[in-house]
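Dear colleague,

I am handing over a structure for your attention. Please look through it before reading the notes below.

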2 protein chains.
Amino acid sequence: MDRLITGEPVGKQEFGAAEPGLREALIRAQEDLAERDFPVLILLGGPDFTGCENVYELLHEWFDARYLRGEAFGAGTDVERARPWLWRYWRLLPPRGSVGVHLRGWATAAVSRRVLGEWDDERLEREIRHLRRLEEQLVADGALLLKFWLHVPKKVLKKRLQSAVEKDSWRIAAEEEKVHEVYDKARKIVERVLAGTDGPHAPWTVVDGSDRRFRDLSVARHIAGQLRARLDRPASTVRELPPERLRADPHTVLDQLDLGQELDGDAYDRRLDELRDRISDLHREAHARGIGAVFAFEGWDAAGKGGAIRRLTRAMDATKYKVFPVAAPNERERRQHWLWRFWHRLPRDGQIAVFDRSWYGRVLVERVEGFARRDEWERAYADIEDFEGQLVDHGYAVAKFFLHISADEQRRRFEQRQRVAYKRYKITPEDWRNRERWHDYEVAIDEMVARTSGAVRWQVVPANDKRHARIAVLEAVCRAYEGRLDGRRKK
Amino acid sequence: MDRLITGEPVGKQEFGAAEPGLREALIRAQEDLAERDFPVLILLGGPDFTGCENVYELLHEWFDARYLRGEAFGAGTDVERARPWLWRYWRLLPPRGSVGVHLRGWATAAVSRRVLGEWDDERLEREIRHLRRLEEQLVADGALLLKFWLHVPKKVLKKRLQSAVEKDSWRIAAEEEKVHEVYDKARKIVERVLAGTDGPHAPWTVVDGSDRRFRDLSVARHIAGQLRARLDRPASTVRELPPERLRADPHTVLDQLDLGQELDGDAYDRRLDELRDRISDLHREAHARGIGAVFAFEGWDAAGKGGAIRRLTRAMDATKYKVFPVAAPNERERRQHWLWRFWHRLPRDGQIAVFDRSWYGRVLVERVEGFARRDEWERAYADIEDFEGQLVDHGYAVAKFFLHISADEQRRRFEQRQRVAYKRYKITPEDWRNRERWHDYEVAIDEMVARTSGAVRWQVVPANDKRHARIAVLEAVCRAYEGRLDGRRKK
């Protein structure tokens with residue numbers, strides 16, 4: 001549970017005596033952290049706005065500012081507002097080995113939105129659950145979260161605001177005065193948000209900010225102490241799960257699929273034209289109404305993802321969509337939570353993101369090839385459900401596809417690709433090797449479909465016949481758009 | 001000069017016969033490019049909007065789309081509009097070893113702005129010079145620029161637009177219809193932009209788009225041919241400049257500085273308070289008026305940059321400024337033009353970017369330590385002048401500082417830092433080694449000040465007395481703001 005830190009005012013001398021040791025501890029911890037594989041995120045929020053800014057500046061002085069990732073969150077740009085509200089925080093998470101400080105981060109934003117009436121109670125509760133999941137995810141991924149709520153009694157806040165108006169008027173934004181006005185109303189909401197996001201994984205530390213030196217010392221000591229404790233903890237206390245035992249003869253969702261479905265050339269051309277026109281209308285209407293879209297494509301190698309995606313994007317205006325081919329994460333991406341690179345790529349409202357392979361790599365290739373530990377990919381199902389839930393909540397049209405072909409059909413396509421010079425690059429020895437794991441992939445695909453169908457339904461598409469598959473994909477895209485355009489916006 | 005490609009319509013069979021070889025050539029070239037250290041940028045512009053989109057899609061099909069950086073530029077977001085107009089193009093330049101395609105890139109934007117009356121003739125001429133410089137810079141840095149202007153006769157354009165309205169109405173944005181309306185007016189502007197940005201370093205290729213297959217083959221052949229020619233060129237045809245010979249006993253700008261200037265504690269406190277209030281007012285006014293600011297800090301190690309920056313930022317609202325500590329470029333940054341990482345960090349209008357070290361590293365540490373070749377840092381002076389000219393043109397308040405201390409004072413500060421545990425991290429063996437190059441740095445600083453004082457004046461600040469230096473910095477910031485707030489906006 002949260003921890004309340006209060007105490008007697010600290011004199012100038014006492015502060016001066018404590019400062020050198022504390023600064024040294026912070027610098028040393030920061031240096032040690034650089035060699036480690038987890039990030040530290042310090043959240044500063046609370047009704048004491050000036051206090052938060054002062055502590056934010058103090059941390060920039062006491063840590064090595066060159067390696068501190070400070071982010072002060074204000075009203076936000078249109079680019080930020082046109083995406084799920086947590087996008088701006090995800091984007092600015094500190095990478096492993098570094099300290100980030102978020103001034104007025106997500107908890108403050110949740111309080112503000114409820115206070116200002118942007119959210120009702122139901123929405124607040126839903127978002128608190130998302131916040132809780134977010135913090136749990138980050139901590140499960142190794143992050144050390146240090147959350148401070150700087151509290152001042154109403155009387156002190158009032159006095160401080162008055163004196164600020166006189167001496168320091170620029171610090172008082174309109175919002176701050178409002179916060180003071182609605183102090184009592186806000187208090188209940190604050191308590192709800194703090195309680196809802198508190199827990200042993202990321203407890204709140206509430207600091208009485210009446211006395212500045214006491215506040216500075218308390219925050220710095222708490223950070224230095226927690227950081228050192230974490231650094232001294234043995235690197236791996238991860239609960240090692242036993243290796244999984246594959247079911248010998250699974251019946252998978254893929255078995256039920258009729259791979260014999262075909263479409264002749266004429267019917268295909270006709271239907272393709274119809275669907276192209278329909279999608280071109282739909283994506284323009286969605287753009288006009290500020291509705292974005294996220295389409296994710298998975299499938300066996302050579303299942304025809306690229307071709308299906310091209311049929312889709314040809315129906316769209318090039319300024320409105322972006323195709324993201326997803327391969328192994330790069331160095332920068334590996335230094336973040338695994339979902340970071342997908343959050344990063346979410347489209348703004350009205351725009352379309354097409355993922356050629358997606359976040360499902362975590363529970364497919366990374367699982368099967370052992371690139372992710374079992375506890376990591378086991379966790380990913382819930383991470384994904386929460387992620388997709390937020391996409392839907394935000395109002396995107398969302399669809400996800402798995403293009404299924406038989407192992408024989410795959411071999412045929414591999415061989416064909418190797419005969420055509422300009423297609424040869426698509427086939428690597430790795431693709432042939434992957435075929436040996438066909439069964440492992442089947443098991444992984446089956447579990448994926450079973451465990452990630454809560455927020456967004458899977459479209460498992462028989463793709464032995466390319467024409468059939470492309471039409472099925474375009475039809476599902478139309479349905480996703482139509483469902484979204486007809487429905488009420490949840491936002 | 002530009003090259004006009006026209007020819008007879010291409011039949012289906014002829015196209016089919018040419019396609020496999022061409023696609024193979026493109027794929028091979030793309031693979032080979034991945035091992036090389038230069039980027040390829042393909043620009044697609046011209047009145048044939050549909051043609052541009054078709055070619056854009058074709059390139060995504062014929063190249064390996066996973067490694068193609070396609071960018072389709074539309075109207076732009078507020079985040080883009082609130083920065084120098086070239087920012088959005090700089091940000092999306094392809095890294096070395098990759099192919100980028102910009103659909104409706106900078107040339108198209110320049111034409112549009114003049115056609116729509118956003119720019120007058122004078123502004124157009126100025127921006128053409130910036131564009132020319134930009135392309136020269138990129139090419140000097142190794143880039144291969146392939147610029148296509150897809151032209152169609154007015155009659156064909158008209159017919160195509162009509163048929164598009166019937167079959168394909170979604171492709172016709174309001175802007176496109178306008179382009180048709182103003183075809184004749186635009187024609188003159190197009191000719192001006194093409195002529196002004198044409199040259200042997202990056203010639204325009206004007207393609208007659210009347211026949212689609214002819215157009216597709218012509219563009220693809222030109223790309224494949226140019227790319228292969230460039231790949232086959234020996235890696236280093238860089239004109240090696242002879243190593244520089246340092247003047248034996250230079251009188252530098254630093255010699256003229258009176259390092260004895262001091263300020264006593266009381267005067268300092270008083271003046272600091274005044275300036276803090278002044279800056280807090282100024283930065284708020286600038287924010288309200290949408291005026292951004294760029295402040296760059298250079299100086300000897302331990303000259304007091306960090307302390308001066310903190311005195312500045314303490315007067316500012318944390319949501320309005322961002323401090324960028326500049327160290328050696330990282331892997332991602334090294335794959336771009338050296339100025340890219342600074343363009344990337346330009347603040348939006350109303351915001352403030354403070355650079356703790358800056359783009360001047362190119363002509364200081366990179367020159368002195370040999371991290372940049374002589375031809376590279378020699379080129380940088382002009383790159384910088386052009387860059388800063390654009391900052392001023394855009395309307396930022398800009399100031400740049402060099403904090404100067406004596407070699408004796410530096411030694412004193414190094415020794416002091418080593419005595420204080422929490423400051424020790426600031427001193428590395430490298431810092432001591434750098435002292436041996438004091439004279440080389442003096443020469444580099446002198447030349448830097450002489451050659452980069454055209455767009456923005458240097459503030460060379462005597463900093464043996466920290467109090468004096470901090471006040472001088474804050475005063476110069478005030479002057480930069482005041483000059484900007486009083487002046488008319490050039491934009």
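The notes below cover the chain as a whole, one residue, and the interface.

This is a predicted model, in which local features need pLDDT of at least 70 and side-chain atom pairs count only at pLDDT 80 or more, while totals for chains, interfaces and linings use all residues. Residues are numbered from 1 along each chain as its sequence is written, chains are lettered from A in the order in which they are written, and side-chain values use heavy atoms, without hydrogens and water.

Chain A has 20 helices and eleven strands (DSSP runs numbered from the N terminus: H or I of at least four residues for helices, E of at least two for strands). Its C-alpha trace spans about 85 × 50 × 40 Å along the principal axes. Of its 491 residues, 58% are buried, meaning under 20% relative accessible area with a 1.4 Å probe, protein chains only.

Within helix α6 (residues 121-140) of chain A lies A:Gln137. A:Gln137 is buried, at a relative accessible area of 4%. Beyond its neighbours within four places in sequence, A:Gln137 is in contact (heavy atoms within 4.5 Å) with A:Trp90, A:His337, A:Leu339, A:Asp383 and A:Asp386.

Where chains A and B meet, 53 residues from chain A and 53 residues from chain B take part in the contact. Six salt bridges are counted between the two chains (a side-chain nitrogen of Lys or Arg within 4 Å of a carboxyl oxygen of Asp or Glu). A salt bridge joins A:Lys322 and B:Glu71, at 3.0 Å from N to O.

Yours sincerely

Key. Buried means under 20% relative accessible area, exposed over 50%, partly exposed in between (1.4 Å probe, protein chains only).
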